[in-house]
Amino acid sequence: MIVRFFHQMASPQYFYRISGRLVPWFMVPCALLMLAGLYGGLILAPPDYQQGDSYRIIFIHVPSAWMSLFIYVVMAAAGVIGLVWRIKLAEVVAISSAPIGASFTFLALLTGSLWGKPMWGAWWVWDARLTSELILLFLYLGVISLYGAIEDKRVAGRAVAILALVGVVNIPIIHYSVEWWNTLHQGATIAKFDKPSIHMSMLVPLLLMALSFKLFYAAVVLMRARCEVLERERNSRWVQSLVEPQT
Amino acid sequence: MTPIRKKRLFLIGLMVAGIAVATTFALNAFNDNLMFFFSPTEVVAGEAPKGHPFRIGGLVTVNSVKRQEDGLTVQFNLTDNADDVTIQYTGILPDLFREGQGIIAMGQLRDDGVFVASEVLAKHDENYMPPEVASALKTAHDEGIRKQGESLQ
């Protein structure tokens, strides 16, 4: 039953039909959650006891940074599935994720830099957390350009999967960098369960934003994957029948 | 799973494991260079590089911040609750600089043991709360210290 479901999902034609219907189901909750999160974060949440209102960049910065790691893991996992089982759709998902992940990484670096100048006193420092996140951005850019450089998209998909897998070692480094080394970047606020380091009134909008960013990714990766599927299958009959006027 | 897929999965696993091991060795080898700053204890023990700039990190000792007459030069002690280093800095301090706050200073050790900083960065901790909660916590903390003092007498 489950196996049959996956086999069906893996067929590009079926995927194209289903994903088109799924996109609004992700987009609408994403927009609602983002509105709620922004209202809660920018208007309802009180200012911080030390940073005043400057801390509010957390509502964009932290979810973006989480997404930059999450999307990379998804991309690498899709890469493995593509390499081992030779499922075309997995390759499509992997390469469709790369530009979204790169955008979130860039956003995390940019917002962090904007916050760092007034709070730390520097736009950029070469500490372990910041440097490893910058390497992540380069990995994403490498994946995108490698895919663009190879003509045969099946070969390109495999090459990209290998590159993504090589880079996956960077993910735990980014996560644990603040514990393994002395860094200027502060430690994790959310990823510990012993005691909350953030007040409830700030935590709730932060989690709403994080969920909204997840849904945004889900919607956008489906949209990108649909385009990629159409382009790859442009010579097949079902794509032809989509473009040609119905008689 | 067919044998060929098993083999592919095994090869991928091997590749990732190999890269992980290589990275671990490399990071271990460069461990000292990846440390963003030295602690006052390490500086007092003479582990910090002499004659060229490095970073020092710690907490600003309470009641140690002194401003010189020119209004820009600040002198304060930096502590890790074990050892103290005196820091001298001329320039604008970041917003988060205050006594008891974690900071990182970039600069050089003078022969008399004073660290002359060319840059001071504030290190923020991972705690976020509204001002009322912070003041309530502080009141409770002071109360606790007062009670402890009473019970000792």
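Reply: What follows looks at one helix pair and then turns to the contact between the chains. The model is a predicted one, and its overall scores are an ipTM of 0.74 and a pTM of 0.85.

The pair consists of helix H5 (residues 128–149) of chain A and helix H7 (residues 170–180) of chain A, which pack at an angle of about 160° with their axes 8 Å apart. Angles over 145 degrees count as roughly antiparallel, and H5(A) and H7(A) are therefore roughly antiparallel to each other. The crossing in which H5(A) passes H7(A) is left-handed. On the side of H5(A), the contact is made by Ala128(A), Arg129(A), Ser132(A), Glu133(A), Ile135(A), Leu136(A) and Leu139(A), while H7(A) contributes Asn170(A), Ile173(A), Ile174(A), Ser177(A) and Val178(A). By class, the residues of this contact divide into seven nonpolar, three polar and two charged.

Between the chains, 35 residues of chain A are in contact with 32 residues of chain B. The elements that give two or more residues to the chain A side are helix H3 (58–85), helix H4 (88–119), helix H6 (153–167) and helix H8 (200–232) of chain A, and H3(A) supplies the largest share, four residues. The residues on this side of chain A comprise 23 nonpolar, 10 polar and two charged.

Within chain B, confidence is highest in helix H1 (residues 3–29) of chain B, at a mean of 90, and lowest in helix H2 (residues 31–34) of chain B, at 73.

Definitions and conventions. Residues numbered from 1 in each chain as written. Chains lettered and ligands numbered in written order. Predicted model: local features only at pLDDT ≥ 70, side-chain atom pairs only at ≥ 80, totals over all residues. Contact = placed C-beta atoms within 7 Å. Nonpolar A, V, L, I, M, F, W, Y, C, P; charged D, E, K, R; others polar. pLDDT = per-residue confidence, 0-100. Axes fitted to C-alpha atoms, helices over the stretch in contact; angles between N-to-C directions. Parallel < 35°, antiparallel > 145°, perpendicular 65-115°, else oblique. Left-handed = near helix turned anticlockwise from the far one by under 90°.
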